[in-house]
Amino acid sequence: MTAGDVAGAQPWSDDLRDAYEQFDRHLALERGRSAHTRRAYLGDLGSLFDEVTRAGVTRLGDVATADLRVWLADQQASGRAPATLQRRGAAIRVFWRWAHRTGLVEHDPAAALKSGRVPRRVPPTLTQGAAADVMSAVDAGAVAADGPRPVRDMAILEVLYATGIRVSELCGLDTGDIDWERQSLRVLGKGDKQRVVPVGVPALSALRAWLAVRADWVGPESGQAVFLGERGRRLDPRVARRVVHAALGAVPGTPDLGPHGLRHAMATHLLEGGADLRTVQEILGHASLATTQIYTHVSDERLRAAFAQAHPRA
């Protein structure tokens, strides 16, 4: 992404454009941010630069705290969600800290900004019974159907629910990432960080069944990818999402949550089964324990509901 990709109708000054492009290189090379994160940060910064350009600012050092507040106020007035506003505020704070540290500006205008708190939503998830129903339905379909597709789809569902890995991590798995003896997967997560995730016996069985028929789809572009599409290429995350939506939609009464819903379910069910929060954090690959703690609220709600239904003095 270049400055020209996001600049508004009014062109930025060379000073703003150079800072934008240097920041892009910093995110990619020094911080190792993913393409998705870079697009989000650069889009936010580009929006700010559009705003200050319309106000007549041409030098990076002339951007004041008041300009940042006006930009954030405009974002809020346009109906942006609280989480989006928080991310945009975080993006410009990261940018200005970097610009100050590297000497592009003498003062950090974002230092005086207050970080708004966003109420954490409790993610919807599956009950353990619903998850079992989904897996049973997919397993029955794989047994009844012909060809590699239902076997692959069963393995996708089992691995996502068993490990809680992201759909991008699932699609990035290579055959060498499976440790059959230790019953684990080596996963490349956000920020190119590797972690080892345990896998249960049903998921390993589903993987073995899929790998036994994987050769039917292997082609010149297959490489060592565990999961393939019908044309022999590494599985596209969009296809994996469709597989999950179809499986959940086939069981009446099951919420349509997608792959991330299986990740939520796995974390919630681990906590309900007595796993400690740090272990769940490691398995999910969360950088912060605060991100993992949201699943304790899901479990608490389940406990309160069970108590209210079952206890004679609830």
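This section describes the nonpolar core, the salt bridges and the charged surface patches of a predicted model.

The largest nonpolar core comprises 50 residues, of which L157, L170 and F227 touch the most other members. At least two residues of this core are supplied by each of the helices α6 (128-144), α7 (148-163), α8 (167-171), α9 (201-213), α10 (237-249), α11 (259-272) and α12 (277-284), and likewise by strand β2 (184-188). The largest share, seven residues, is contributed by α7.

Side chains of opposite charge can pair when their charged atoms come close. A search of the whole structure identified 13 salt bridges. In one of these, R38 pairs with D24, with 2.8 Å between the closest N and O atoms. This pair links distant parts of the chain, as R38 belongs to helix α3 and D24 to helix α2, 14 residues apart. The two partners fall into separate accessibility classes: R38 is partly exposed because its relative accessibility is 21%, whereas D24, at 10%, counts as buried.

A salt bridge also joins the side chains of D153 and R152, with an N to O distance of 2.9 Å; both of these residues are buried. R186 and D177 likewise meet through their side chains in a salt bridge of 2.9 Å, N to O. Within this pair, R186 has a relative accessible area of 37% and is therefore partly exposed, while D177 is classed as buried at 12% relative accessibility.

A patch of positive charge is made up of R31, R33, R97, R101 and K193. Among these, R33 is situated in the loop between α2 (14-30) and α3 (35-54) and is partly exposed, its relative accessible area being 33%. A negative surface patch is formed by D14, D15, D18 and E21. D14 is located in helix α2 and, with 59% relative accessibility, counts as exposed.

Helix α2 also contains Y20, which is buried at 0% relative accessibility. The C-alpha atoms of Y20 and F49 lie 9.0 Å apart in space, although 29 residues separate the two in sequence.

A backbone feature was found at Q183, a residue other than glycine with a positive phi value near 55°. Q183 lies in the loop between β1 (178-179) and β2; its relative accessibility of 35% places Q183 in the partly exposed class.

Definitions and conventions:
Residues numbered from 1 in each chain as written. Predicted model: local features only at pLDDT ≥ 70, side-chain atom pairs only at ≥ 80, totals over all residues. Heavy atoms only, no water. Patch = residues over 30% accessible without salt bridge, like charges linked within 9 Å, V, L, I, M, F, W, Y side chains within 5 Å. Areas by Shrake-Rupley, 256 points an atom, 1.4 Å probe, with all protein chains shown as cover. Salt bridge = Lys/Arg side-chain N within 4 Å of Asp/Glu carboxyl O. Lys, Arg positive; Asp, Glu negative; His and termini not counted. Charge placed at Lys NZ, Arg CZ, Asp CG, Glu CD. Helix = DSSP H or I, 4+ residues; strand = E, 2+ residues; numbered from the N terminus. Buried < 20%, exposed > 50% of the residue type's maximum accessible area, 1.4 Å probe, protein only. Core = buried A, V, L, I, M, F, W, Y, C linked by side-chain atoms within 4.5 Å.
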